[in-house]
Amino acid sequence: MNINLPKHYRHFQRYSEIAQILVRNGLGFIISQLDLNRYLPFKERISHKERPTGKMLAVRIREVLQELGPAYIKLGQLLSTRADVFPPTFIYEMRKLQDKVPAEDFELIEEFIKDELGDKYEEEILKIEEEASAAASIAQTHRVVLKDDKNAIMKVKRPGITKKINVDIEIMENLARLAEERNLFNSVIHPTKIIEEFKRTIKDELNFKGEMANIIRFKSDFADNPFITAPAVYAEFSTVNLLTMEEIKGTKLKEVDQNHPHNKFIAELGAKALMRQVLINGFFHADPHPGNIFITGEKTIAYIDFGMVGRITEVDRDLMSLLFYALIHKKINIIMDVILILGEKPKNFNRRRFQLDMEKLLDRYYGSDLSSIEIQSVFEDLQFFIYEHRITMPQEFFLLFRSIAVSEGVGQSLDPDFNVIEVGRTFIDEIIDDRLNPQKIFDRLGSEMWKLGRKNYDFNLKIKRILEKLDNDEFTINFRHTNLEGFISRIDIISNRLSMSLIISSLIIGSTLLIQSNMDPKVFNIPLLGLIGYIFAGFLGFLLVISIFRSGKY
C-alpha cells in the first residue's frame, strides 16, 4: 500500500540525523530558525544561544557538510564557486571539502555490474580487479581486461546512491524554501535558486551516459591537436550507472616535476588548452586539477573524469574573451561594462563607487611587468570586488577564474618562469582568428537576422493579443500575495490549539457540574458521566502538551 505522507514525515530519520549533526557541531541556533526542534530527542531540545561568526562559522558549516555525506559535500563544492554570493572565508573553507570515502565491498559492486551488463559481463570481461583503483562518494573505479585484451577502467556508481541523494535534495528544497520564506539570508543569497542549480549539476553527474557524451565531445573539439586527448569510451559496456573507458597510462600531472624534458611545452599547452575550451569551444572540463590530467608519451596531455563540465553560450564567450583581453591590457571601462552585462546588479547599485573601486583595484598592478603579476591574485581581488558590490555573476565566470588559477599553479610547478598572462596575450591572436573566420561570421549574421525576425513576430503577436482582450472586454489585472504560506500555516496551528483548549475547558466545566449533581450511575461514588468527561479532557490535554513539546516552541 502506497501512503502519501508529507515529505518531512517521510524522511523523519534523515531530518533527525541532520538536526543532531548541527547541534553536535555547534550550529544549534539553526535548529529553531528552520523548525528542526521536532526532530531532536526531547532531552536535546534546549536553547542554543551560541552563534559562531566569521571564520569559525565557515569552519563549522564545512564540518557539518562533510559529516552529512555525498550530496552535502557536492553542494559545498558548488558553493565554493560562488565568490559573488559568499565571503572569501566561506569560499576558502568550502574548497577544503573532501570527496573521498572507503570503497564498497567488491561482492556488492560485482553484483551491481552483472545486473547492468547482463550476459555481457561473463562473455566480454576477462578480468576485473577486486580492489578499487579510486573511490569517491558517488562512484568508484576498477581496472578490467576486455575480451580483446584491452585494458580498461570501469567507473561504477555506488548501489543505492541515487536514492540517497534524491532524499537529501528533497530535504534541501524544503529547508531552502523555509529559509527564503523567513528571510534568513541577505538579498543576494537565494537558497531555492542555489538548490535548483545544484539539482541540475548533481543530476548530470549521476548520469554516466552524459559523461560518456562529454568525453566524445571533448575528443571531437581537440581532434586537430595531437597533443590533447581523452580516453576512448566503450559504449557497449556503458549504461547510466556504469562507464567503461580506455585506461590512460602515463604520469599524473601532479607527479611531474621541473626535470621533465618538455615541462615548458606542457605548461603552455595546458594553459592554451583551457583557454581554447572556454573562449573558443564553449565546452570545458570544470574540474581540471592535476589529479585529473595525465602526461602520456613525451608531451601529450590526457584529461580524465568528465563528470563536471561547463558550457558557455556564444554571446557569453564573446564577453569573457573581451574581459580576458581587458584584464591583460588594463582597460577599466571594458572590464566594468562586461561585468555589468554578465552580472545582475543589486537595486541600490552605485556605479560611481563601482568605477572608483575598480580603478583602485587595478592601480595595485599599474606599472607592474606582466611577468611579475600572478593571475590568481588578480582573480581573488576581482572576486572580492564583485562580492563587495553584490553583483551576481554566472557560475561559469568563476569556474573560468578557478581553472585559469589552477593552470597557473600547475604551470609554475613545471616551469618557474611560466606566466599565464603572457600565454593569454599570445592566445588573443587565436581568439581573433576564430572570431574572424568567414564561416563563423556568416553563421552569426544568419543567427542575428533570425533573432531579429523572431522578436518582431513575438512583439506583434503580444500586441495583437492585448488588443483582442481589450476589444472583447476580457482584460483583467490579477493580484497575488506571496510568501504567506508559512504565516497561514502558523495561524492554522494556533487556531487549532485554541479550539482544542476551549473543548478541554468545556469538558472540565461540564464534568464538574455533572459530579456536583451527584447523579447516577456512579463509579467509586463518582457520577460516571462526569468521570468520563474528566478522563477525555485529560487525554486531550495530554495530546495538546505533546504537540507543543514536539514543535519545540515552548
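# Strands, pocket and salt bridges

User: In the hairpin of β3 and β4, which residue takes a positive phi?

Analyst: Strands are DSSP runs of E with at least two residues and helices are runs of H or I with at least four, both numbered from the N terminus. The hairpin of β3 and β4 has four residues between its strands. The positive phi, near 65°, is taken by D149.

User: What kind of model is this?

Analyst: Residues are numbered from 1 along each chain as its sequence is written, and side-chain values use heavy atoms, with hydrogens and water left out. Local features need pLDDT of at least 70, side-chain atom pairs count only at pLDDT 80 or more, and totals for chains, interfaces and linings use all residues; the model is predicted.

User: How many bridges join β3 to β4?

Analyst: Two strands pair if DSSP finds at least two bridges between them. Strand β3 covers residues 139–146 and runs antiparallel to β4. V145 stands opposite N151 in β4. The number of bridges joining β3 to β4 is seven.

User: Which residue in β6 is the bridge partner of K155?

Analyst: Strand β4 also pairs with β6 (residues 242–246). Five bridges join these two strands, which run antiparallel. In β6, the partner of K155 is L243.

User: How many residues of β4 are buried?

Analyst: Buried means under 20% relative accessible area, exposed means over 50%, and partly exposed lies in between (1.4 Å probe, protein chains only). Strand β4 spans residues 151–157 and is mostly covered. Of its seven residues, the number buried is six.

User: Which strands stand at the edges of the open sheet?

Analyst: Four strands form this sheet in the order β5-β10-β9-β7, with mixed pairing. Each edge strand has a single partner strand, so one side of each is left without a neighbour in the sheet. The edge strands are β5 (228–229) and β7 (251–252).

User: Which residue in β10 stands opposite I228?

Analyst: Strand β10 covers residues 300–303. β5 and β10 pair in the parallel sense over two bridges. Opposite I228 stands I301.

User: What is the volume of the largest pocket?

Analyst: On a 1 Å grid over the protein atoms alone, a pocket is an open set of points where a 1.4 Å probe fits, with protein on both sides within 12 Å along at least five of seven lines. Grid points are joined across faces, edges and corners, and a volume is the space filled by probe spheres set on the points. For the largest pocket that volume is about 1,600 Å³.

User: Which element gives the most to the lining of the largest pocket?

Analyst: Lining residues have an atom within 4 Å of a pocket point. Several elements each supply at least two residues of the lining, including α5 (70–79), α11 (208–221) and α17 (395–414). With four residues, the one that gives the most is β3.

User: How many salt bridges does a search of the whole structure find?

Analyst: A salt bridge is a side-chain nitrogen of Lys or Arg within 4 Å of a carboxyl oxygen of Asp or Glu. R14, E17 and D168 are linked in a network of such bridges. The search finds 21.

User: How far apart are the closest N and O atoms of E93 and R62?

Analyst: E93 lies in helix α6 and R62 in helix α4 (residues 54–68), 31 residues apart. E93 is buried, with a relative accessible area of 1%. The two residues form a salt bridge, and the closest N and O atoms are apart by 2.7 Å.

User: With which residue does the side chain of E173 meet in a salt bridge?

Analyst: The N to O distance of this bridge is 3.0 Å. The pair joins helix α9 (residues 161–181) to helix α10 (residues 191–206), so parts that are 26 residues apart in sequence are tied together. E173 counts as buried at 16% relative accessibility. Its partner, partly exposed at 34%, is K199.

User: Which residue meets K150 in a salt bridge?

Analyst: K150 is partly exposed, at 39% relative accessibility. The N to O distance is 3.6 Å. The partner is partly exposed as well, with a relative accessible area of 47%, and is D148.

User: How far apart in space are K96 and I18?

Analyst: K96 has its place in the loop between α6 and α7 (106–117). K96 counts as partly exposed, at 35% relative accessibility. In sequence, K96 and I18 are 78 residues apart. From C-alpha to C-alpha, their separation in space is 21 Å.
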